[in-house]
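Please look at the sequence and the model below before reading on. The numbered points that follow are meant to be checked against them.

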Amino acid sequence: MSNEFVFDLVSNAMRTTLTVAGPLLLTALVVGVSVSILQAVTQIQEQTLTFVPKLAAIALVSFALLPWLLTQLVTFLVEVLNAIPVVTS
């Protein structure tokens with residue numbers, strides 16, 4: 001197992017992680033900032049007001065992107081499983 005192989009494997013793992021987590025984190029960021037601005041304007045300081053909209057938005061985005069997210073994860077898994085003969089030799 002060469003250093004290049006390990007680097008490529010870790011690089012692909014990080015890329016897949018960012019690809020899968022990116023849309024969910026971006027959704028949480030946008031909703032969180034929007035709710036914070038709304039709280040600042042209305043001076044309502046309720047903790048559940050920040051949590052529930054983020055949870056609902058992430059759930060909606062997760063369900064909407066589920067086929068694409070699973071495709072990304074399965075593609076990475078297939079690449080890793082196909083690399084097993086290279087690792088064992």
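1. L70 sits in helix 2, which covers residues 47-82. Helices here are DSSP runs of H or I with at least four residues, strands are runs of E with at least two, and both are numbered from the N terminus. With a relative accessibility of 45%, L70 is classed as partly exposed, because that class lies between buried (under 20% relative accessible area) and exposed (over 50%), using a 1.4 Å probe and protein chains only. L70 and V20 are separated by 50 residues in sequence, yet their C-alpha atoms are 8.7 Å apart in space.

2. The model is predicted, so local features need a pLDDT of at least 70 and side-chain atom pairs count only at pLDDT 80 or more, while totals for chains, interfaces and linings use all residues. Residues are numbered from 1 along each chain as its sequence is written, and side-chain values use heavy atoms, leaving out hydrogens and water.

3. How confident is the predictor in the chain? The mean pLDDT is 91, and 99% of the residues reach 70 or more; pLDDT is the predictor's confidence in each residue, on a scale from 0 to 100. Confidence is lowest in helix 3 (residues 84-88), with a mean of 79, and highest in helix 2, with 93.

4. The chain has three helices and zero strands, in the order α-α-α along the sequence. Its radius of gyration is 19 Å, well over the 12 Å that the globule rule gives for 89 residues, so the chain is more spread out than a compact globule. That radius is taken over C-alpha atoms, and the rule is 2.2 Å times the number of residues to the power 0.38. Along the principal axes, the C-alpha atoms fill a box of roughly 65 × 25 × 15 Å.

5. Of the 89 residues in the chain, 16% are buried.

6. Contact means heavy atoms within 4.5 Å. For the chain, 74% of the contacts with a separation of 6 or more are between residues 24 or more positions apart.

7. S36 is also in helix 1. S36 is partly exposed, at 38% relative accessible area. S36 and T50 are 14 residues apart in sequence, and their C-alpha atoms are 7.3 Å apart.

8. Q43 belongs to the loop between helix 1 and helix 2. Q43 has a phi near 60°, a positive value in a residue other than glycine. At 68% relative accessibility, Q43 is exposed.

9. The chain has an accessible surface of about 6700 Å², and carbon and sulfur atoms account for 74% of that area. Areas come from the Shrake-Rupley method with a 1.4 Å probe; for residues, only the protein chains shown count as cover. I37, in helix 1 (residues 3-42), is one of the members of a nonpolar surface patch that also includes L26, L29, V30, V33 and V41, with about 570 Å² of accessible area together. Patch residues have over 30% relative accessible area and no salt bridge; like charges are joined within 9 Å, and nonpolar side chains (Val, Leu, Ile, Met, Phe, Trp, Tyr) within 5 Å. A salt bridge is a side-chain nitrogen of Lys or Arg within 4 Å of a carboxyl oxygen of Asp or Glu.
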